[in-house]
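The paragraphs after it lead from one group of residues to the next.

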Amino acid sequence: MMKNFLKKYRGTIIRTIIVVLAIAIVAVCVYFILRACGFTTKEDFIALRDKIGDNVWFWIIISILQIIQVIFIPLTNQIITVPLALVFSDDLWKVWLTSWISIWIATLILYWIGRSGGRAVLKWILNDEEQTERCTNWLRRGWIFYPICMLLPLPDDVITTLSGTAKMKFLFVLVCSFFTRGIDTACSVYGWGYLTRWWWGWI
């Protein structure tokens with residue numbers, strides 16, 4: 001039975017692995033580029049703050065970094081957020097507001113990436129127009145779970161890209177992602193900020 005399954009879907013499995021590997025390679029490369037440029041650790045951001053100051057240009061750079069890491073490293077959006085929360089433990093609102101807006105913008109970009117090219121990738125993977133349409137419709141019917149999934153510890157950037165592939169209503173994604181990103185970033189920023197300030201010596 002398993003042999004027949006593998007024979008029938010061998011092409012789909014191989015193409016899926018290729019897509020996953022391509023995404024993983026891009027994510028790893030971008031991470032190491034950010035690391036090499038000095039944008040991934042607490043010490044990196046302390047040095048950046050000391051160099052250009054705690055001003056609007058600093059936070060614009062942070063916003064750009066947040067958008068880049070959300071789009072190209074779709075498994076986590078904490079690479080920039082957590083170190084910043086450790087650096088600005090007395091000004092967490094700045095980290096939260098910047099992370100919220102930046103990650104929200106990146107989420108909308110991912111939606112449009114999925115909407116413009118997701119179906120083509122899905123069709124290439126499945127190699128069948130009817131199955132592609134069936135899968136797209138199945139994803140579209142899952143719109144009610146979108147807000148919940150965005151709050152759960154799931155790869156929400158991938159979920160947003162799939163919502164674009166399913167062509168969920170943009171206004172729905174825009175509003176849901178605005179509030180869920182706000183909640184998600186608040187938990188990350190204030191959680192790590194207060195954890196390191198008061199509890200770090202106890203854990």
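A network of salt bridges links Arg-119, Lys-123, Glu-129 and Glu-133; a salt bridge is a side-chain nitrogen of Lys or Arg within 4 Å of a carboxyl oxygen of Asp or Glu. The model is predicted, so local features need pLDDT of at least 70 and side-chain atom pairs count only at pLDDT 80 or more, while totals for chains, interfaces and linings use all residues. Residues are numbered from 1 along each chain as its sequence is written, and side-chain values use heavy atoms, with hydrogens and water left out.

Helices here are DSSP runs (H or I, at least four residues), numbered from the N terminus. Glu-129 is partly exposed, with a relative accessible area of 40%, and Arg-119 is partly exposed at 24%; buried means under 20% relative accessible area, exposed over 50%, and partly exposed in between (1.4 Å probe, protein chains only).

How many salt bridges are there by this rule? The count comes to nine. One of them joins Glu-130 to Arg-134, with the closest N and O atoms 3.0 Å apart. These two residues are separated by about one helical turn because they stand four residues apart in helix H6. Another joins Arg-181 and Asp-184 (3.9 Å, N to O), both in helix H9 (residues 170–199) and three residues apart. Are these two partners buried or exposed? Arg-181 counts as buried at 0% relative accessibility, and Asp-184 is buried at 17%.

The discussion now turns to nonpolar residues. A nonpolar core is a set of buried Ala, Val, Leu, Ile, Met, Phe, Trp, Tyr and Cys residues joined through side-chain atoms within 4.5 Å. The largest such core has 20 residues, and those touching the most other members are Phe-45, Phe-58, Ile-62, Leu-65, Ile-80, Leu-84 and Phe-88. Two or more residues come from each of helix H1 (2–36), H2, helix H3 (56–72), helix H4 (78–87) and helix H5 (92–126). H4 gives the largest share of this core, five residues. Apart from this core lies another, of nine residues, among them Tyr-146, Met-150, Met-168 and Cys-176.
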